[in-house]
Amino acid sequence: MARTAVEFLKRRDSRSVLLFAGKGNNGGDAIVAARHLAGAGCHPTLVLLCRRQELQGDAVLHFQKLVSEVRVFELPTLDELSGMVAETEPSVVVDGLLGTGLKGDVREPYATAIKVINGLHRSVVAIDIPSGLDSDTGEVRGVCVRADVTVTMGLPKIGLLKPAAVDFVGAIEIADIGFPRQFIDEIATDIELLTAQDIAPLFPSRRRSTHKGDFGHLLVIAGSEGYTGAPIMVAHAAARAGAGLVTLAMPRDIYPIVAAHCPPEVMPRPIEFEQVGPAYFAPFDAVAIGPGLGQQAETQKMIWKVVSGCSLPMAVDADALNALAQRVAALKRLQKQIVLTPHPGEMARLIGKTIKEVQANRWDVARNFSSEYGVVTVLKGAGTVVADKSGPMWINSTGNPGMAKGGMGDALTGIVGAFLAQRMAPVDAGRAGVFVHGLAGDLAREKLGERAMLTTDLIEHLGPAFGMIG
């Protein structure tokens, strides 16, 4: 907890931290963090939501070890809290009020303290779980701390991953507190939080004797009049994601514009709809199709011809998903290596539901669709879900609100397509794709901020993202 708080302090060139501690184990963790922060040269202020005589067990032991550099306030009034904040000007708040033992709605004085934390508009680091969040359901128990980062102990709590918790947990960091690996491996679960440790084995070191043919040839089919940026971003992301060769096929009428702006590593070519057939796909190892194609009737026929007639692994997105929605039942008989990457609106069209219904039940929607149609479903959004027809469902841990911009999905399509071309299994391409995509977005945010970052910035940060995984 102290290390995470220090990282925030460094970004703001500050040393002042405000820690809130309840009388339970999370409060004891906040007390320990305050001691470590003082030892690191920071200026921690500890707010106890109880009298010190009410502390028990290890919390008492560590409270007695607090050095004089830690200022302690017991059950301060609102006016006292306001004065303390004005005096200390904390840049970071640590939430150690309530943990997984919460029963029922949050009661006073904790409810008021949570409102105070949220009203400070400072960076918030939550211990184990944001105070007020149900650790099983992810629902808010009356009022809840809005954390920027939740440092969860040992293993992630299922409630942290639930869609209802997205706006409260922030980024999730898992702290190793010594659980023996063999015990963790024995836990039976069908929900997994996707981390770098999960996907690192999918990226072995490249042999010195390798050549471009070893890393696949991806065909991208994208773009139409008015949507000339989408195909460029798909192809650029694919090239950055390690595909040996990338060919970008687009309608002839936009070829001059797209070809002029393509990265030099990408091979642009015009495509005629009548060309699409088995022989056309012979040189390639995978296909990425959909972004910017439009929804004209002729285009939709071409999309279905590709999806149904091509035997290559395929990443399907955007307008290709809209075309599939017209005959989604036919997906069942295809039994192909397909990764669908819908946003909630596209998912709603595929299953004939509303966006609200999809968002209210994201996990089951993704899992049921994959099970019924035999495809890998990547349901995009905060906490992107990756589901296969069997095996666990994966919840992504990377990404940020700065990625809520046009083109981000195009980049993901290119990345997933590149991984398919490099012969990853579809579910692995989906898992690795969303994780790397989100991590590159996080790195772009650190450099440019959430408001200013663009899809092209994310693509440029794919290299550093791979460096952090390997």
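Mentor: A helix axis is a line fitted to C-alpha atoms over the stretch in contact, and the angle between two axes runs from 0 to 180 degrees between N-to-C directions. Keep in mind that this is a predicted model.

Trainee: At what angle do helix α10 and helix α18 pack?

Mentor: Helix α10 spans residues 229–240 and helix α18 spans residues 408–421; they pack at about 40°, with axes 7 Å apart. Angles under 35 degrees count as roughly parallel and 65 to 115 as roughly perpendicular, so α10 is oblique to α18. The crossing of α10 past α18 is right-handed.

Trainee: Which residues in α10 and α18 meet?

Mentor: From α10, Ala230, Met233, Val234, Ala237 and Ala238 meet Asp410, Ala411, Thr413, Gly414, Ile415 and Ala418 of α18. By class, this contact of α10 with α18 has eight nonpolar residues, two polar and one charged.

Trainee: How do α18 and helix α19 pack?

Mentor: Helix α19 covers residues 426–448, and α18 packs with α19 at about 135°, their axes 8 Å apart. Only angles over 145 count as roughly antiparallel, so α18 is oblique to α19. Here too the crossing, α18 past α19, is right-handed.

Trainee: What residue classes make up the contact of α18 with α19?

Mentor: Residues of α18 in this contact include Met408, Leu412 and Phe419, and those of α19 include Pro426, Val434 and His437. The contact of α18 with α19 has twelve nonpolar residues, two polar and no charged ones.

Trainee: How much space lies in the second largest pocket?

Mentor: About 380 Å³. Its lining has 18 residues, and closest to the centre are Phe203, Pro204, Arg206, Phe215 and Gln422. The lining divides into nine nonpolar, five polar and four charged residues.

Technical notes:
Residues are numbered from 1 along each chain as its sequence is written. This is a predicted model: local features need pLDDT of at least 70, side-chain atom pairs count only at pLDDT 80 or more; totals for chains, interfaces and linings use all residues. Side-chain values use heavy atoms; hydrogens and water are left out. On a 1 Å grid over the protein atoms alone, a cavity is a set of points where a 1.4 Å probe fits but cannot get out, and a pocket is an open set with protein on both sides within 12 Å along at least five of seven lines; lining residues have an atom within 4 Å of a point. Grid points are joined across faces, edges and corners, and a volume is the space filled by probe spheres set on the points. Ala, Val, Leu, Ile, Met, Phe, Trp, Tyr, Cys and Pro count as nonpolar, Asp, Glu, Lys and Arg as charged, and the others, Gly among them, as polar. Helices (H or I, at least four residues) and strands (E, at least two) are DSSP runs, numbered from the N terminus. A crossing is left-handed if the near helix is turned anticlockwise from the far one by less than a right angle, and right-handed if clockwise. Contact means heavy atoms within 4.5 Å.
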